[in-house]
Protein chains: 4
Amino acid sequence: MKHSEIRQHIINTASDLFYANGYNNTGINEIIAKAGIAKATLYNHFRTKDDICIAYLKHKHSNFILALRSYIEEKPKGRLQLLGIFDFLKEFYREPSFNGCWCIRTIAEIPGDNVEIRNEIQNQKKELVFFLKEVVNDNIKNLSNAEAEKITNGLYLLYEGAVGESHLHQSDWPIYSARDVGAQLIP
Amino acid sequence: MKHSEIRQHIINTASDLFYANGYNNTGINEIIAKAGIAKATLYNHFRTKDDICIAYLKHKHSNFILALRSYIEEKPKGRLQLLGIFDFLKEFYREPSFNGCWCIRTIAEIPGDNVEIRNEIQNQKKELVFFLKEVVNDNIKNLSNAEAEKITNGLYLLYEGAVGESHLHQSDWPIYSARDVGAQLIP
Amino acid sequence: MKHSEIRQHIINTASDLFYANGYNNTGINEIIAKAGIAKATLYNHFRTKDDICIAYLKHKHSNFILALRSYIEEKPKGRLQLLGIFDFLKEFYREPSFNGCWCIRTIAEIPGDNVEIRNEIQNQKKELVFFLKEVVNDNIKNLSNAEAEKITNGLYLLYEGAVGESHLHQSDWPIYSARDVGAQLIP
Amino acid sequence: MKHSEIRQHIINTASDLFYANGYNNTGINEIIAKAGIAKATLYNHFRTKDDICIAYLKHKHSNFILALRSYIEEKPKGRLQLLGIFDFLKEFYREPSFNGCWCIRTIAEIPGDNVEIRNEIQNQKKELVFFLKEVVNDNIKNLSNAEAEKITNGLYLLYEGAVGESHLHQSDWPIYSARDVGAQLIP
DNA sequence: AATGAATGAGCGTTCATTCAT
DNA sequence: CATGAATGAACGCTCATTCAT
């Protein structure tokens, strides 16, 4: 196995555990046991557990953005494509591994002065907002920038609320509600 | 100090620490040190740390509901009272101690099989939805039940999103956005 | 066993190990195993391993000063009492546990920026110089302060050299040599 | 770079680190990082870390003896040349890299049963005594062997004490004191 | 010869909880 | 009812050394 492969193997293993059980509830020992590697091997690839956390967040984010983008690109232009973010979320929710938003869950676990992880999380959300704005502009014509931003922020908040609340209530009603409200935002 | 006073003192102390620094990041030793009590005293009042967690959640919730209720009751009936939930959140956000939603943050820290704490959190949110529905019905006349629920759920999602995202981004724009969108939901 | 007794038990155990095998070569696990206590018990009595190190140094020092003082007080006043410090060292050297100077050995093991331990060690040596000066003044009459200091410093250096070199060469000739030279310093 | 050059490069690098920060506080990784070589390269040149330690000690010793010899050879014959060892030490002490005696510091770090390193250190000190005796005989005429040894051992102890104590107290007074006492030893 | 990823054993430290007093 | 010393398990991390390439 090549260096980068074992690195990816660690990230995959840790990601599953972090996402399923939480960052602090997942110990290094659990990761190496599941990955089948020695402790020092892990530390040859990552300086600290926090570094693995960053890699985990990036891993989840890039997969998520790719999947979301390809999902909605297959939808017909217009309202359906725009509301596709909620349909995507429905599918995401149905996955047995669904456990809410890794950003929200991780930020709840780390001390407030952990700027590195906080920054990563904030940047991911900013990227999501940026992506949503693209989708808004692609699917609603003749919007002023202010209008586009208003709709984008609304959809973003609804999306985030739907992720968190479907996870919290273990039910998909928040996703349907969010889609309904989202539909009202589109002129 | 009476038995119940000590209990409340422990809850107050633990709540401040849990909310500020997180549940897992706050140790029993820190709590007893700040409360100025002996370790066994704490365990005479609470069976486990998880029990303190439940008490912490209840404590935050009842204070929150009371404050929210009294805040919006002072607002004039109608749209202003309904949107008052977002104005309340603005004030909540401005408090130096603001640190997001205790439910969301706590659920991220506990193992998935901890039903006791999960139930407490779910019930709190259900109570919030119930309360919001009351406010909706009080301030918008002649709503069918379905209409009331639709608006309630929308406001709830926007509120939850605004709490979480203002905390995540360390900025109050999500609260303003949520209020804007919320205003569109009210006929 | 009372709190202070178990504390002293830890100090005794750790002291034997630190002095025999070195500070860094002695692990916490070795200490608790030999002391027959749990790891957390040790950490209830000492904040860090460095704190145990300080206690070890203080323990060795106070025993040493007491033993040295009582040893030379039994010697007749004059040259014999003054040179008694080297006779004391001979006996010290003969003990099977003799392993050189804990100060010199410890300072060699700790990072240069560990001021707490460095200060303790420097203070111990200053106390030794102070004690030696007392003995000099007690046993040589009509010395100016400068003369007393000169003799004191000479004896101190010879003593320290004798401790270190007898340990290094595993032989007592440095003690005899130091005594010989020391004798020449006394008018 | 030739084989022997790499070896010397490793020794130089390791020596600086060992002397500055201690043997146990310097890791193999630190050495190879600073030397800019691969880990296995280091182990092609040295069987174990202890072997590097031996090479480090030899390196320091031979440099030291050469520098000391050439320093005092430039002094005029007689008392000045003999006491030149302390003047040399003054200059040694003034170097920013001064960190006491590598022998004393290393012997404090290794287990008592490490005969290889202990022997190297003892031999270095025996060589120093031998060298000092040469200097004594060169600069004081008509000494019996016993007289020469007595003076040599005295100077040696004073020298060793001065090195260790100047390092411990971070002050040069022990060097001045040692020189003063040394002067009294010379007839 | 040179590489650098992998290792197992150990490090110092923290944790929620128990129990004799 | 209040105490606080003691606990065992787990924590994140470092080490000198080996070995397939």
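Trainee: How far apart do the C-alpha centres of domain 1 of chain A and domain 2 of chain A lie?
Mentor: They lie 26 Å apart. Domain 1 is 1-46 and domain 2 is 48-185, with bounds from an automatic or database domain assignment. Residues are numbered from 1 along each chain as its sequence is written, and chains are lettered from A and ligands numbered from 1 in the order in which they are written. This is a predicted model: local features need pLDDT of at least 70, side-chain atom pairs count only at pLDDT 80 or more, and totals for chains, interfaces and linings use all residues.

Trainee: How many residues does the contact take from each of these domains?
Mentor: Eleven from domain 1 of chain A and 15 from domain 2 of chain A, where contact needs C-beta atoms, placed from the backbone, within 7 Å.

Trainee: Which helix gives the largest share on the domain 1 side?
Mentor: Helix α1 (residues 3-21) of chain A, with six residues. Helices here are DSSP runs (H or I, at least four residues), numbered from the N terminus.

Trainee: New topic: by what turn can chain C be laid on chain D?
Mentor: A turn of 179° with a shift of 0.0 Å along the axis, at an RMSD of 0.2 Å. The two copies are thus related as by a two-fold rotation axis. The superposition is by least squares on C-alpha atoms of residues with pLDDT of at least 70 in both.

Trainee: Which residue of chain C comes closest to that axis?
Mentor: Gly161(C), with its C-alpha at 2.2 Å.

Trainee: And how many residues of chains C and D are in contact?
Mentor: 33 of chain C with 34 of chain D. On the chain C side, α8(C) gives the most, twelve residues.

Technical notes. Two residues are in contact if their C-beta atoms, placed from the backbone, lie within 7 Å. Helices (H or I, at least four residues) and strands (E, at least two) are DSSP runs, numbered from the N terminus.
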